Amino acid sequence: MQVLAHFDKTHGHPPFNSNTHLYDTIDSISSHDGRRVWTDLMTGNWAWGQYDPDCHGAMFMPVILGSNKTTVSVATGQNDYYLLYISAGNLHNNIHHAHRESVSLVGFLAIPKTERGHNGSKEFQNFRRHLFHASLQAILESFHHAMEKPEIIKCVDGHYRRAVYGLGPYIADYPEQLLLSCIVQNWCPCGIADPKNLDGTPCGQRSHLHTRTLKQGFSALDMWFRWGIIDDILPFTSYFPRADIHKLLAPDILHQIIKGTFKDHLVKWVDEYLVITYGEAQAELIWADIDHCIAVVPSFPGLRRFPQGRGFKQWVGDDSKALMKVFLPAIAGHVPDKMVQAISAFLDFCYIVRRSSLDEGDLTALDSALLRFHDKRSIFVDIGVRHNGISLPHQHSLCHYRHLIQQFDAPNGLCSSLTESKHHKAVKEPWRRSSGYLALGQMLVTNQHLDKLAQFWAEKFAAGLLSQPLLPTNTIPIDSDSIGDLDDENCQDDEDLADAFADEEDNTEVIVQLAKTRECQLVFHHPTQLQAIGQLIGVLNLHDLRNPDHHIPGHEMDVSLCPDFNGKVHVFHSAVASFYAPSDICGVHGMLRHIIHSTPTWHNGPAHHDCVFVEHDPTLPGFQSLYVAQVILFFSFYFRGVDYPCALIHWFETIGDQPCPNTGMWMVEPEFDANGQHLILVIHLDTILRPAHLIPIYGNDYIDHDMQHSDSLLAFVAFYVNKFSDYHAFEIAF
């Protein structure tokens, strides 16, 4: 409607006489303060460039593909499977990102094998390459006729429409991209750049037309060594209209950024720097301290802990993602500041590209982070870690992200983690259910059954048949919201719940609620009177704490004039914060839930008191609009018919007026009163925004090896506000 209104107002005649008119109209509409926004695939430039006059008026259906290998078992033999996945490009990114049924298994690609002596031969490699592209061409042939002439299909809303298909982005890691584009190892599959200096030379766009032209004037050897092109084959996309694999390779956050640049490059380079500078023996001691710094990081909802540090052999994507969140403070003080700044700039780049939507301002910030990373990473060349400079395909791929975002939308909807997350359900579970003998046929049948069940569920849910529980007659369903009304003696602790999980509610507001169940009296024995609770937890003036925001200063307030409250107080050991965080793994509506703990014992161990962000001034940017506090106690009471959920907190105050110049994170320290005691206040639960993660500023000295993660918030005097704890924190704590 905004498009129609804008065009009618400015032109006075019907809009969209051609695709050019439509595209110009969309570009001229203000969004995000006049800046263009990229979210879903259909908001990118590529989708608008697929217009075909012969298909005018038809619905465009992009076909997203992805392929990857996986191993289901090593103990009983190397059972490898090569999977091809498919998805519709006109689905919204929140469906893709929530890992729903948006990705389907198309089939299992062949994995040819030969004798060991011929495995690396040119003939066998050519055979594998031709078999791969011929298989893709045969699988997609059924779409070919509908790529040039629309066909009538029935859509999910029951209406029939004319639809035209087109090959869209292909999700693949770097080795798979080389196979798809028929490009030589260490060359860029998207652009023409010198493999010895990928980031320092102009990078022209590869295309099928360019490859055909080169074949007419150069020999096979020249094609290989001068242009990085394998001469005897054209990619499968050359046989389909409006398709060029060099322009369809999607950005791959998991393998290019998380596993490639971070794990395989930066972490390894830090290790090599320590060995070069201090020798192997001293480097091992420094790594031991870094591992211990990682191990004592305070708990946080959804954050994986590393009790033994980062010294494990089998890395997976989740390991690298978790390590990225806590790595920077651990190495600060052990490596040069410029090295810390390089990794900080890289993390900024990584967290920006993971946003659910990006505007022109975000792309500018992305360029700035990449420039800082390229500038600061030169330290690895200066100290001898990279003698021959830095020319690596994974890091070079970062240079293409701005263009690929403009073409295909936010990368978190096209990452290979979407296809890899499907491995478990599509391959590993069906394989375990099979007999193990000729398992492929049984796995195909299992996947067919799963697809039919998913279709059946979707159809019945859309028809409203599954909106209510299927219960026998005269059975009354239990309302989950009524669980909080149970008596104290029947309540159960909620410590077994996941601390971070998707929220399926359709609500973009921040909501913080106390736990459904109150404290179990038989376990913790908290009194129910406010003054007695204060004596138990060591806050003797709990009943006399003043409101710091009241118009009358606390020292001038006459307590005798305040209402007298002697009612019952209920103590809680957790609260749940629901907030809009579409960049994280969340529900389809973008909501995420975090459990905030404040309990005197956690899993029969020491106390667990989480930190939170408290609203300060919403008009200020980023972290300047927030306070940080640690929750000592959750409680609620009724007064004059109103329920007051509250939190007793320790305040932290900000160090300086700028983030740390090396890590890019704000720093805080505990705030004390005039008597040298922690500044303690009671706040309403509505002022809490979400959990906050603090990581100690470890300094240059080694930390005590007897320290545990539960001691960190008490043992250190200053902390980083970890903006890398999750993607939502990065967006609000900059």
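Predicted model: local features only at pLDDT ≥ 70, side-chain atom pairs only at ≥ 80, totals over all residues.
A residue counts as buried when its relative accessible area is under 20%. Tyrosine 727, at 11% relative accessibility, is therefore buried.

The largest nonpolar core holds 88 residues, and Ile257 and Phe613 have the most contacts inside it. Helix α9, which spans residues 253–295, supplies the largest share of this core, at 17 residues.

Aromatic residues give another view of the packing. The structure holds 23 aromatic pairs. A pair of this kind is described by the distance of the ring centres and the angle of the planes. In the pair formed by tryptophan 46 and phenylalanine 60, the centres are 5.8 Å apart and the planes stand at 50°, so the pair is classed as tilted. Tryptophan 46 belongs to helix α3 (residues 45–48) and phenylalanine 60 to strand β2 (residues 59–71), so that the pair links parts of the chain 14 residues apart. Tryptophan 46 is buried, at 7% relative accessibility, and phenylalanine 60 is buried as well, with a relative accessible area of 14%.

Tyrosine 351 and tyrosine 727 make up another tilted pair, because their ring planes lie at 40°; the centres are 4.6 Å apart. Tyrosine 351 is in helix α11 and tyrosine 727 in helix α22, so this pair ties together parts that are 376 residues apart in sequence. The relative accessibility of tyrosine 351 is 3%, which means that this residue counts as buried. Both tyrosines belong to one aromatic cluster, made up of Tyr351, Phe724, Tyr727 and Phe730.

An aromatic ring can also face a charge. The charged end of lysine 69 sits over the ring of tyrosine 82, at 5.2 Å from the ring centre.

Next come the charged pairs. The structure holds 9 salt bridges. One of them joins the side chains of arginine 372 and aspartate 348, with N and O at 3.3 Å. Arginine 372 is part of helix α12 (residues 360–376), while aspartate 348 is part of helix α11 (residues 337–353), so the bridge ties together parts that are 24 residues apart in sequence. The two partners can be set side by side: arginine 372 is partly exposed at 35% relative accessibility, and aspartate 348 is buried with a relative accessible area of 8%.

Helix α12 takes part in another bridge, through aspartate 367. The partner of aspartate 367 is arginine 402, and their closest N and O atoms are 2.6 Å apart. Since arginine 402 lies in helix α15 (residues 401–408), the pair ties together parts that are 35 residues apart in sequence. Aspartate 367 is partly exposed at 28% relative accessibility, and arginine 402 is partly exposed at 31%.

A further bridge, between aspartate 726 and arginine 690, has an N to O distance of 2.8 Å. Aspartate 726 is in the loop between β23 (719–721) and α22 (727–732), and arginine 690 is in strand β21 (residues 688–692); the pair links distant parts of the chain, 36 residues apart. Aspartate 726 counts as buried, with a relative accessible area of 4%, and arginine 690 counts as buried at 0%. Elsewhere, salt bridges that share partners join Asp348, Arg372 and Lys723 into one network.

The last stop is a loop. Serine 391 is found between α13 (379–382) and α14 (393–396). Is this serine buried or exposed? Serine 391 has a relative accessible area of 16% and is therefore buried. Which residues does serine 391 contact, leaving aside its neighbours within four places in sequence? They are Asp194, Pro195, Lys196, Asn197 and Leu198. Polar contacts are made with two of these residues' backbones: the side chain of serine 391 reaches the backbone nitrogen of asparagine 197 at 3.3 Å, and a polar atom of that side chain lies 2.9 Å from the backbone nitrogen of leucine 198.

Definitions and conventions. Residues numbered from 1 in each chain as written. Heavy atoms only, no water. Core = buried A, V, L, I, M, F, W, Y, C linked by side-chain atoms within 4.5 Å. Buried < 20%, exposed > 50% of the residue type's maximum accessible area, 1.4 Å probe, protein only. Helix = DSSP H or I, 4+ residues; strand = E, 2+ residues; numbered from the N terminus. Polar contact = N/O pair within 3.5 Å; in protein donor to acceptor, adjacent residues only side chain to side chain. Contact = heavy atoms within 4.5 Å. Salt bridge = Lys/Arg side-chain N within 4 Å of Asp/Glu carboxyl O. Phe/Tyr/Trp six-rings, centres within 6.5 Å; stacked < 30°, edge-to-face > 60°. Lys NZ or Arg CZ within 6 Å of the ring centre and 35° of its normal.
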